[in-house]
Amino acid sequence: MEHNSTFPIKQNELDMLRDEASGYLKSIQWEQGQRAKNKDKDAKDESILLYLSRANNGSGAIDITSVSKTILALKKRLLPDSVALPMCLNQTLYAVQEGLALGIWIKDSYYDASGLSALNERKSTLDSNGKREFESKMHTATAFMLFATAYHILHNLKPHASDDLSVMKQKFAGLPEVSFISPLKGVACNLFYFDKYLGHPDIIKTDKDVIDFTVVYFEAVIDEIQLRKSSLEYTETIEDRTYKLENSEFAISGWSNVFSGTAKSIEFNKIKFEQIVGNRDAKHFARRLTERMLSYDFEAKKNPFQELGGFMPVFMGYGIPGTGKSMLIAAIATRLKEHCDNLDIPFLFHPMPDTLISTFQGGSAEKMVEWMKPMQDPSKLIFAPIDDAENNLQERTAQGVSAGVKEVIGVFLRYTEGAYAVNYGNSSIGLFTNLPEMLDKAVISRVQGRFKIDGARTEHDFLDQDHLWWRKLEDTMPDFINMAKPNDYTFLQDQGLAKNMGDILNSIEKPSEARVLEAYAKAEGKHNVNDHQFFASLYKEIQNIFPFFSSRDVRNIQSAISLRLTDFDLEQDWFDNPEIYFKQNYETKFNMLQELMKANMKGLNFSDIRRQEVVRYLDNVATIADTDFKRKVDARINQLNIETKAREQFGK
């Protein structure tokens with residue numbers, strides 16, 4: 001559902017709820033349900049669950065629980081000599097109190113928006129339908145309140161928790177029960193078990209454990225709510241809006257669980273495009289990508305380029321080793337970061353970690369979900385490169401592919417297209433690989449933009465590559481480089497950015513791959529290349545050769561052609577004075593881009609562009625399909641050559 005409106009959560013309104021929140025921490029009452037009491041019968045962890053289920057001495061008497069007292073007792077146990085409350089305990093207590101205040105605010109807001117307040121006032125006069133609606137809305141209010149509370153606690157504590165929480169997760173025996181009956185009962189139940197865990201001697205061994213445990217506990221609360229949210233009704237007024245806490249990065253958008261607190265931008269080396277030799281196609285693509293991402297509108301939560309068909313949520317750069325993949329990733333990040341700083345936009349550089357594949361069953365999927373989730377955060381621009389993509393997204397049917405890889409691919413596919421795929425036009429995932437033929441077919445079919453990273457290709461490129469190296473020596477010892485410079489070429493003049501793809505693709509007339517050329521010739525025999533039917537015929541011929549060629553490929557070709565129609569430079573003065581374009585509202589930006597697009601299309605020839613892009617795509621399909629086979633053949637030939645040579649030498 002569209003998140004169409006943003007509501008501020010004002011700090012002074014939260015301040016007024018703080019007393020109520022600290023009241024809950026001082027004392028709550030909760031009577032355990034029968035099921036929670038009997039949990040110990042089939043418990044996986046006898047001691048802790050037994051302890052939780054006997055929390056009331058099994059008598060069913062209502063117990064008064066005080067989280068703040070338990071925290072003080074922890075202080076005595078862990079740091080008997082300290083006068084003040086230690087940092088970690090203090091942080092935790094504060095985070096839980098703030099989380100509760102925010103949860104109460106969210107609950108009040110839902111009461112008003114959903115009409116629950118009005119029902120509550122007429123509670124005594126409701127008929128059976130009214131009572132049902134009242135109860136149902138109470139459940140939803142409670143669930144959303146607990147969700148908001150847990151989410152805010154995680155936002156505040158996650159940055160201070162240990163990176164590896166696996167030991168704490170092992171100790172944690174789950175939530176015996178979560179109550180949605182009413183907001184008061186929901187909070188009481190939640191704090192009751194939180195308190196019991198904190199009081200258990202095996203759970204908390206150091207003051208840092210208190211933060212770690214709190215994170216594990218409230219993550220479990222969120223998981224439980226996510227599991228049960230499909231049974232909740234009257235959730236429209238939760239899902240159609242975003243609440244943003246003023247003077248903070250914290251925002252809550254429906255049930256979406258994006259830890260804006262966890263995804264921290266990774267450091268990278270600053271690199272300019274001019275320092276990369278060759279790679280015209282790749283540099284051009286990278287520059288377009290940055291301009292398009294920067295056009296994202298934070299108010300409307302959409303990108304005008306998406307509407308024009310010029311945005312790529314997933315793209316791929318491929319080429320032989322040593323042609324500058326890692327440099328290119330750094331250059332895209334550098335360019336985005338510079339513009340974002342200039343325009344005052346939050347930017348997240350979010351590369352996929354190398355340690356994603358886990359040996360635990362389900363562990364890789366969990367890590368992959370954690371990595372993909374921040375991509376659904378509409379409050380920043382996100383560039384998420386996957387370097388050496390063939391390691392984590394390898395063809396699933398290949399022999400010996402680990403279960404972890406299959407899990408990772410499953411999550412990737414789900415989040416890039418399908419029910420989970422939210423793309424606001426603010427994030428882009430880039431696959432970078434030397435071995436595109438080893439990537440999973442379904443993953444490749446998600447790729448909407450692709451380009452070659454082919455390194456130095458011309459004499460000038462090689463001149464420039466050397467120049468970048470020896471000019472450092474020349475800077476320190478001017479007379480040391482005693483060699484003549486070229487007459488007709490200024491160093492680095494070819495390394496600037498192309499005006500548009502036409503400059504780069506001019507030479508593309510016919511396919512370079514033999515099997516594609518053959519299909520092309522057949523189609524050309526039947527139809528003129530300017531006929532629509534030529535392409536239909538070509539696609540059919542290609543499908544006969546490559547059975548996996550499908551409608552998805554045709555859609556990818558269409559999106560490549562749409563990209564070409566939006567292949568124009570944004571005006572330089574838009575960057576110099578952001579007020580002209582970047583700071584405008586969505587409609588204005590969209591109209592300005594449409595004007596630019598129309599002006600740009602005047603110089604283009606649709607049938608040429610269509611032919612170039614089709615040829616480029618099909619060559620690419622063939623290269624990827626053939627490379628695997630070629631590699632095996634080459635290896636075999638090499639082996640035979642070695643054997644023959646060895647026999648000759650042996651004979652001598």
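Visitor: Does Thr 237 count as buried or exposed?
Guide: This is a predicted model, where local features need pLDDT of at least 70 and side-chain atom pairs count only at pLDDT 80 or more, while totals for chains, interfaces and linings use all residues. Residues are numbered from 1 along each chain as its sequence is written, and side-chain values use heavy atoms, with hydrogens and water left out. The cut-offs on relative accessible area are under 20% for buried, over 50% for exposed and partly exposed in between (1.4 Å probe, protein chains only). Thr 237 has 15% relative accessibility, so the label is buried.

Visitor: Which helix holds Trp 574?
Guide: Helices here are DSSP runs (H or I, at least four residues), numbered from the N terminus. The run covering residues 572-576 includes Trp 574, and that run is helix H23.

Visitor: What is the relative accessibility of Trp 574, and which residues does Trp 574 contact beyond four places in sequence?
Guide: Trp 574 counts as buried because its relative accessibility is 6%. Contact means heavy atoms within 4.5 Å. With neighbours within four places left aside, the partners are Ile 580, Tyr 581, Phe 582, Met 592, Leu 593 and Leu 596.

Visitor: What is the volume of the largest cavity?
Guide: On a 1 Å grid over the protein atoms alone, a cavity is a set of points where a 1.4 Å probe fits but cannot get out, and lining residues have an atom within 4 Å of a point. Points are joined across faces, edges and corners, and a volume is the space filled by probe spheres set on them. Val 96, Leu 146, Asn 190 and Phe 218 are among the lining residues. The volume comes to about 50 Å³.

Visitor: How many disulfides does the structure hold?
Guide: A disulfide needs a pair of cysteine sulfur atoms within 2.5 Å. The count for this structure is zero.

Terms used
Helix = DSSP H or I, 4+ residues; strand = E, 2+ residues; numbered from the N terminus. 1 Å grid on protein atoms, 1.4 Å probe; cavity = no way out; pocket = protein on both sides within 12 Å on 5 of 7 lines; lining within 4 Å.
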